[in-house]
Amino acid sequence: MASTTEQSPPRGNGITSTNDETDMSAEKVNPNPPLERATSLPVPTDQSLMEPGITYPEGGLAAWLVVLGAWCGLTASLGIYNSTGIFEAYISRELLPQESPSVIGWIFGIYSFMTFFCGVQVGPTFDAKGPRALLIAGSICTLVGMFVLSICTEYYQFVLAFSLLAGAGSSLLITPAMGSVAHWFFERRGLASGVAFTGGGFGGVLVPLMMQSLLPQIGWAWSIRVLGFILVFLCLTSIAFCRSRVPPRNGPRTTWRDTLPDMRIFMDGTGAMSLTTAGIFLTDLAYLVPMTYIPSYYLERQGLPQDKTLTGEAKFAYQLLAITNSASCVGRFVAGDLADRFGRYNTMIVSLSLCFVSVSCFFLPDVLIPEVPSIALLVLFTILFGFVSGSNVSLTPICLGQLCETQEYGRYYATCYTIVSFGCLISIPIAGRLLDATGVTGKEKYWAAVVYTGLSYLAALLCFICVRIRVKGWNWRTKW
């Protein structure tokens, strides 16, 4: 039975209902042939799903250079985002040992919040004006924030430099980087986005291993400065190669009003955008907990003292995060390709199911079983969780892209992640508070935070299943 291919909705509310599938063959094909379609690529099954007059290269040097630029931008932003566990472990043990886990958690909660909250204006601005100015502003904020972080000693200084300034810079880098890829790929958007998103995983490997090597030799300040110089190169490459090509909806008549968010996108009649946003909210609520606490959990699990944060057996805490992000790189690439083959929402549902399994069947038993002699269970968790969580991170933007036209992608992405940012804000402080509230010491104090992670993934899975059923029904062979 041939599957129904639906990659982007027609003009209107952005959703094609189940009943529309039977009428696809009756719709007229756009009589104007594409001006810029690679002849070696398959023509879409239904041309009505393409915006009239808009074509996509689907490859070529210019398109893949845009992917390279996006990769560098995401390495500079999500690479730091995926390495917060390293900063949390060092800051909580070496720089601010007097602060509780819940208080330290606000540094990273606010950073995650800023990373996505600022997108409420960044996305629509990208749709109207393109990526260049946004990437320049994001690079400046990120670099200034990181270099100032190297001299921070007080709690408020970490909040100002890292949480606020570097967080805002990451937001200004992520949205235009991902939006640029959507302007050059349509049928292969999942693959191209997956390749770009491996930058976040690569950064999550590079930063922990680099910090592990540099911190004992040159200390905190110069380790952060070396990281800052690497970010300079990545940011400049992103600015050079990221370009948009689909004109704004209003063309030369685009004004500042076109950069404003529009909450009407949630009122599409199906609840698809609302439920998708809720699902992403819960996904990020869960994702941040392991990514932040894996190094600290390992140090507690092994019973390592405070003065053993950088040397000896403690080094493996940093390597665990690098292993997680290495698996994440593979997961992001594979998920993007599978999403193009089997459907974006279908792949996302499988990905979230495996996230729930990895947390409940591997991480939770390692926490609850006392005196587990081997770390094999923890290593298995980091590999599986890295693979499947990396895949759902790369799938969320292209799932959103399935609900809108290309000219509206930045607005949809930014509006969704502005709401998701509040989940990022509270996720780590909630987990930190749960660590304080358990009243036990050692690795057992993490049980409540792990349960909280698993339940969040389960709720996110139910949201995506609900969207899939409401829009396309129970026929799971339908590609969507």
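Close-up 1. F422 is partly exposed, with a relative accessible area of 40%, whereas F113 is buried at 12% (buried, under 20% relative accessible area; exposed, over 50%; partly exposed, in between; 1.4 Å probe, protein chains only). This is a predicted model, in which local features need pLDDT of at least 70 and side-chain atom pairs count only at pLDDT 80 or more, while totals for chains, interfaces and linings use all residues. Residues are numbered from 1 along each chain as its sequence is written, and side-chain values use heavy atoms, without hydrogens and water. The ring centres of F113 and F422 lie 5.1 Å apart with planes at 65°, so the pair is edge-to-face (rings of Phe, Tyr and Trp, the last by its six-membered ring, pair with centres within 6.5 Å; planes under 30 degrees apart are stacked, over 60 edge-to-face, the rest tilted). F113 belongs to helix α3 (residues 101-117) and F422 to helix α12 (residues 409-437), so the pair ties together parts 309 residues apart in sequence (helices are DSSP runs of H or I, at least four residues, numbered from the N terminus).

**Close-up 2. The aromatic pair of Y90 and W220.** The whole structure holds 21 aromatic pairs. Y90 and W220 form a stacked one, 5.3 Å centre to centre with 5° between the planes. Y90 lies in helix α2 (residues 84-95) and W220 in helix α7 (residues 189-241), so this pair joins parts 130 residues apart in sequence. Both Y90 and W220 are buried.

**Close-up 3. The bend in helix α10.** Helix α10 bends by about 25° at V359 (the angle between axes fitted to the seven residues ending there and the seven starting there).

Note on methods. Helix = DSSP H or I, 4+ residues; strand = E, 2+ residues; numbered from the N terminus.
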